[in-house]
Amino acid sequence: MKRYIYPCFQLLAVAVLLLSSCTCHPDIPPSSKEAKCLPAIFPDYCNITIPCNIAPLNFMLPADQYEACVARITTPDGKQQSYGDGVKVQIPEEEWHDMLAVAKGKSVKVEVWGQKDGEWLSFTPFEILVAKEPIDDYVSYRLIEPSYVAWSFMEIAQRNLTSFEETQIFNNEITCNDRRKGQCINCHSYQNYKTDNMLFHVRLSNGGTVIVNDGKVSRVNLKRDYTISGGVYPSWHPTAKLVAFSTNLTRQAFHTAHPNKIEVYDLASDMILYDVETDSVQVVSNDSTLLEIYPTWSPDGKYLYYCKSVPLPEEMRDKDIRTTYPKIQYNLVRRSFDLATHSFGEEELVFDAASVNKSVTLPRISPDGRYILFTIGQYGCFHIRHNDGDIACMPLDQDLPLTQHIDLSKVNYEGRPDSYPSWSSNGHWMMVASRREDGNFCRVYFSYFHDGKAEKAFMMPQEDPELNTFLLKSYNRPEFMVEPVKISVEEFSKVFDK
């Protein structure tokens, strides 16, 4: 079980896990009433496209409405198998991967029956298309309470997407020597989806940036006397031992009556380049009147993209940011980069979001260099806390207005925040963090992307489909990886003894 479960509940939790992992092959109900609608399963896996290597898509019917659930899966070769245990459908991993192998490039048919008030209902069958393209084997994320005050235990974890295995990369219990001060860990980042070159930040107690350079771990202080802070939001250069960072003086404000609840904003922010080999910091952009944030490299390493604020109206420039924050908007810009000299070109405007009363954050470029993902909302730099936060996708070879960008209506959820977009290493899977289920907790979603089209987003599968209902943690800043982090928590902790 996970360490944040209190000890007094561990025996009960183990018992629940053992019960929830039971799977049987029940009989199909001999008679049923046609419901004439799709089943209201959780997570919603109806009519989606999935990777050919994903873990089983376990789901359930609402326990407060149904007494039992049975599902039958039919593969393209005509073979059928039924599943169900109470209101849950949990499929053994080996059986599931055998079905995916048969269905690769084709569809499986799913039929669902639900027992309600003693009567069986048969729902409209749905299809699950199995794409030929796999998803990266791993993702990593920070698990954190969404309250911003309950952070006594925090971890960065990695999940094997082909199974349900989840392990820790690091946690803040092992090195925090000042509980009154606390310790935050965040912003894990990898070079080209691999883990031999990676980093994450540790703040407050025992603070520093933990750098892995060719598998060797060190802790560095990125603050220099000519920067406003240490490195904050990172992006590894695709080929060189260089990391672009924004440096930020970040603040929070809490609404007393507002659907967005929290505002996260910067008093100042600049762009720097860190040389891992020489431990040197170079200023890229430090306009004292504007804000720069969220760097990302082009796949060939020839351009650095980032977000830059536009000037406030003159009458607002000297006012408190707690009153002007709704007017702060960011455009998408880039600078060319010469690897031989580490020099940058002049700033170029890529997307003028402010001209359509929008703000851009968190850009990510597809591995083939053709598309750029970003989060978009009306204002600010922290759209995961804004209910109008959506994911947008723009072709980089065309200067198109926002209304002609790639249609992501099947990815976004209206009225709830979607943010932290990223691409899989083959460019066929988008990943986003979304608060769509309840407005509070971030969950991980994937969408298939092919020929400029994005398919319906679906939630990361869990062994127990009820986990994403009861897990009181948010998945923060999910990142794709083609391999797991091989350094143990204990090995990481040793750099704090030096």
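Strands β26, β27 and β28 form an open sheet in that order, with antiparallel pairing. Strands here are DSSP E runs of at least two residues, numbered from the N terminus, and two of them pair if DSSP finds at least two bridges between them. β26 (359-365) and β28 (390-395) are at the edges with a single partner strand each, so one side of each has no neighbour in the sheet. This is a predicted model, where local features need pLDDT of at least 70, side-chain atom pairs count only at pLDDT 80 or more, and totals for chains, interfaces and linings use all residues. Numbering starts from 1 along each chain as its sequence is written, and side-chain values use heavy atoms, without hydrogens and water.

β26 and β27 (residues 371-377) are joined by five bridges, and T361 has T375 in β27 as its bridge partner.

Next, a four-strand open sheet, antiparallel, in the order β12-β11-β10-β34. β12 (166-171) and β34 are its edge strands, each pairing on one side only. Five bridges hold β11 (residues 155-160) to β12, with E155 opposite N171.

Now the second largest pocket, about 1100 Å³. A pocket is an open set of points on a 1 Å grid over the protein atoms alone, where a 1.4 Å probe fits, with protein on both sides within 12 Å along at least five of seven lines; lining residues have an atom within 4 Å of a point. Points join across faces, edges and corners, and the volume is the space filled by probe spheres set on them. Of the 45 lining residues, R142, C184, N186, R203 and T250 are closest to the centre. Elements giving two or more residues to the lining include β10 (138-144) and β34 (474-481).
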